[in-house]
Amino acid sequence: MADEVLSQFQQAAAEKEIDATKKLKVGIIGTGWIAESHIQQYNVMPDVEVVAMADLIPGKAEAFKEKWGVKGDVHFYPDHKSMIDNEELDAVSVCTYNATHAECTIYALEHGINVLLEKPMCVTLDEAAEIVKAEKKSGKILSIGFQPRYDANMQMIKKIVESGTLGEIYYIQTGGGRRRGIPNSTFIEKRTAGIGALGDIGCYSLDMVLNAIGYPTPKTISAYKSNFFGTSTEYQSEYDAKRFDVDDFAAAFIRLEPGKYGDKDGIILDFRIAWAMHVDTPGDTIIFGKKAALRIPSTDCWNGSVGGPMKIYHDIAGARVETVVPIIQNKGQGLFYKKVRSFLDAIKTGGTSPVPSSQIIKNQAILDGIVRSAEAGKEVDIVMPEV
Ligand SMILES: NC(=O)c1ccc[n+]([C@@H]2O[C@H](COP(=O)([O-])OP(=O)(O)OC[C@H]3O[C@@H](n4cnc5c(N)ncnc54)[C@H](O)[C@@H]3O)[C@@H](O)[C@H]2O)c1
């Protein structure tokens, strides 16, 4: 019986040949930590020429080129504007910290450049709306960097929901956490990151379930956030505790519209995320359906991946049955490669964005709503902007 249930979701993995006759000229904005995962992909793609790099920190882009052995003539710039003003680019990777995602992305789109934007989309819903407006005006591809979507296990969650195995969904608990996992970087300051654990790992938990259920629109949120660990010198150096002014924990009760897979009264999303806490995990992700429930194990140090074999809990002929969904080994290239490749392929084929803003703006609306509700100390409405 387990095999029968699972056989519905079998994966077909196919890797396409790259047409290298049309080369794409690419620029990288922000040559920090995540840019390393972008350059490693571009370096092995025969149809990409990385021709420009920009970073606010003098010498950083030059050192980055050197470190990653980028071939060819690369021009360096002190910020995104000077790069975009002076180069003819097909695409940019926006790898800056969250606080400058919107300005870099909008400027690139306004100049007719396709954008692969790192997650989270930005900091606020207002910024997200401006990004989408610029995208629509430009007609260019904007894809947001959620590489966990290319994990076959994540795709399996979506396939299970779409198969109808769970029936109508009425409640989801999701989130993730780390016992101690505060990144000591630009992530911990509002000035650069805007938001903390919410933007770093919270957006992944949200995308995992929202993508599976077809991104229904969020309606209301009641939320809480804190930063007891990040601001404490018991856990952080005095210097970092002083710098720390974002969230390291958040919890929220979110009402979603029914969408395609929900009960007529909608879906409740019960969410929590932690960079640090006194427990190993705030719990697995569980999707409650009227016909079955799906448990997705969390990981110790939450990073947006499936932590072990998933289980479907259902009834068969009056018996309570559990079907184990074994972990699927990803085939072919890595997740970061697929994230970059799918973006480039969409440009080359005139296709649609692989991780579209029409979905991720709802992810951003939830992050924004969590901050607003937590600061107001009460439930708030989520009003999706007209874009
Ligand atoms: N997809 C993933 O798995 C993943 C992992 C880590 C980080 N990220 C995301 O990547 C982004 C960057 O994170 P990071 O760890 O690389 O940060 P980082 O601080 O190491 O690097 C960001 C760089 O951007 C530069 N920068 C900022 N504004 C700029 C501008 N206007 N023009 C040119 N350069 C500018 C900064 O000087 C800095 O060097 C964040 O949004 C983060 O959420 C994604």
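Biologist: Is the crossing of H6 and H12 left-handed or right-handed?
Modeller: In this predicted model, helix H6 crosses helix H12 with a left-handed sense.

Biologist: At what angle do those two helices pack, and how far apart are the axes of H6 and H12?
Modeller: H6 covers residues 125–138 and H12 covers residues 357–376. The angle is about 165°, and the axes are 9 Å apart. An angle over 145 degrees counts as roughly antiparallel, so H6 and H12 are roughly antiparallel to each other.

Biologist: Which residues in H6 and H12 meet?
Modeller: H6 brings Leu125, Ala128, Ile131, Val132 and Glu135. On the H12 side, they meet Ser357, Ile361, Gln364, Ala365 and Asp368.

Biologist: How do the residues of that H6 and H12 contact divide?
Modeller: Six are nonpolar, two are polar and two are charged.

Biologist: What about H9 and H12, at what angle do they pack?
Modeller: H9, residues 197–212, packs with H12 at about 130°, and their axes are 10 Å apart. H9 and H12 are therefore oblique to each other. H9 passes H12 in a right-handed crossing.

Biologist: Which residues of H9 and H12 make the contact?
Modeller: From H9, Leu198, Gly199, Gly202, Cys203, Leu206, Asp207, Leu210 and Asn211 take part. From H12, the residues are Gln359, Lys362, Asn363, Ile366, Leu367 and Ile370. By class, the contact of H9 with H12 has seven nonpolar, five polar and two charged residues.

Biologist: Another pair, then. How do the axes of H2 and H11 cross?
Modeller: Helix H2 (residues 35–42) and helix H11 (residues 335–349) cross at roughly 70°, and their axes come within 9 Å. That makes H2 roughly perpendicular to H11.

Biologist: Which residues in H2 meet H11?
Modeller: Ser37, His38, Gln41 and Tyr42 do, and their partners in H11 are Phe336, Tyr337 and Val340.

Biologist: Changing topic: what domains does the domain assignment give?
Modeller: Domain 1 is 24–148 + 335–355, and domain 2 is 152–329. Taken over C-alpha atoms, the centres of domain 1 and domain 2 are 27 Å apart.

Biologist: How many residues does the contact take from each domain?
Modeller: Eight residues come from domain 1 and 14 residues from domain 2. The side of domain 1 that touches domain 2 has six nonpolar residues, one polar and one charged.

Biologist: And the ligand, which residues come nearest?
Modeller: Gly30, Gly32, Trp33, Thr96 and Thr186 do, out of 27 residues around the ligand. The shell has 10 nonpolar, 11 polar and six charged residues. Each of domain 1 and domain 2 supplies at least three residues to that shell.

Biologist: Now the backbone. Which residues does a cis peptide bond join?
Modeller: The cis bond is between Lys119 and Pro120, with omega about -10°. Pro120 sits in the loop between strand E5 (114–118) and H6.

Biologist: What is the phi of Tyr215?
Modeller: Tyr215 has a positive phi of about 45°, although Tyr215 is not a glycine. Tyr215 is in the loop between H9 and strand E8 (218–226).

Biologist: Why mention those two cases?
Modeller: Because most residues other than glycine have a negative phi, and most peptide bonds are trans.

Technical notes: Residues are numbered from 1 along each chain as its sequence is written. This is a predicted model: local features need pLDDT of at least 70, side-chain atom pairs count only at pLDDT 80 or more; totals for chains, interfaces and linings use all residues. Domain bounds come from an automatic or database domain assignment. Two residues are in contact if their C-beta atoms, placed from the backbone, lie within 7 Å. Ala, Val, Leu, Ile, Met, Phe, Trp, Tyr, Cys and Pro count as nonpolar, Asp, Glu, Lys and Arg as charged, and the others, Gly among them, as polar. A residue is near a molecule or strand if its C-beta atom, placed from the backbone, lies within 6 Å of it. Axes are lines fitted to C-alpha atoms, for helices over the stretch in contact, and angles run from 0 to 180 degrees between N-to-C directions. Helices (H or I, at least four residues) and strands (E, at least two) are DSSP runs, numbered from the N terminus. Angles under 35 degrees count as roughly parallel, over 145 as roughly antiparallel, 65 to 115 as roughly perpendicular and the rest as oblique. A crossing is left-handed if the near helix is turned anticlockwise from the far one by less than a right angle, and right-handed if clockwise.
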